[in-house]
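Work through the exercises below with the sequence and the structure in view. Each task is followed by a solution in steps.

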Amino acid sequence: MSKIKQAFAGGKAFIPFLTAGDPDAESTVKYILAMQRAGADIVEIGIPFSDPTAEGVVIQDANIRALKAGMTTKGVFDIVRRVRQQSDIPLVFLTYINPVFHYGYEKFFTECERLQVDGIIIPDMPFEEKGELAPIAAAHGVDVISLIAPTSQDRIKMIAKEATGYVYAVSSMGVTGVRQNIQTDLKSIVNSIRQVTDVPVAIGFGISTPEQAAAMAKISDGAIVGSAIVKIIEKYGKNAEQAVYDYTYKMKQAVIKA
């Protein structure tokens, strides 16, 4: 059983996200380990990119801060190496196709395998265009995790049929960011996905409160939170470890009770 499957096997999963290198590499390592101690089941790590089209202003700014501080794709792999010296928590990269292409698909996924990176999410890679990348990722044991947005039933089922790792169900159209209300009929989307696959479904985009996390986990297999954590890191910088721990713990407890 893969580490991602194991993460969901114990119940509802809480999946936090942070941007690698914001504010620096050492802090990113500390915050990932703090998330694990607080109960995170999987951690998504953003590889900074200059044009993160799926992100709202909070994560865009985190990308800019990380890049200005000198973070590179190679530097992100070094962060993973340092985490792996202390932890085997499942790790998933969230990045765009450009950094992976320029690093070289074979070289990139060989390094993922060496460092036990379990999955990758690529928001700007359409389902129809994953063909050249997905087999290379699979050969190195990396799940290409599908994003499914509120769209037609036929398209939801088409994407879900080929899903690996977990399905990232997008709660709302638009970019990432905290939302006061999530009004999409997510229960119907999750039901459509479950008709064609037994791969777990986690919901992300816009979740920031324990109440929202519990509501999303109640109708799916877990909740994904990014912008709210990135805002904490923006506020506290290199001193965010306790705040990241406290927030992750609170959100995990809400998901457990869903």
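**Exercise 1: a pocket**

The second largest pocket holds about 160 Å³ of space. The model is predicted, with local features needing pLDDT of at least 70 and side-chain atom pairs pLDDT 80 or more, while totals for chains, interfaces and linings use all residues. Residues are numbered from 1 along each chain as its sequence is written, and side-chain values use heavy atoms, without hydrogens and water.

Task: find which residues line the second largest pocket, and sort them into nonpolar, polar and charged.

Step 1. A pocket is an open set of points on a 1 Å grid over the protein atoms alone, where a 1.4 Å probe fits, with protein on both sides within 12 Å along at least five of seven lines; lining residues have an atom within 4 Å of a point.

Step 2. The lining consists of Ser 2, Lys 5, Phe 8, Asp 143, Thr 164, Gly 165, Asp 198, Val 199 and Pro 200.

Step 3. Three of these residues are nonpolar, three polar and three charged, with Gly counted as polar.

**Exercise 2: Leu 133**

Task: decide whether Leu 133 is buried or exposed, and list what Leu 133 touches.

Step 1. Locate Leu 133 in the loop between β4 (119-121) and α7 (134-139).

Step 2. Buried means under 20% relative accessible area and exposed over 50%, with a 1.4 Å probe and protein chains only. Leu 133 is at 0% relative accessibility and therefore counts as buried.

Step 3. Leaving out residues up to four places away in sequence, Leu 133 touches Ile 97, Val 100, Tyr 105, Phe 109, Ile 122, Met 125 and Val 144 (contact: heavy atoms within 4.5 Å).

Terms used
Helix = DSSP H or I, 4+ residues; strand = E, 2+ residues; numbered from the N terminus. Points joined across faces, edges and corners; volume = space filled by probe spheres on them.
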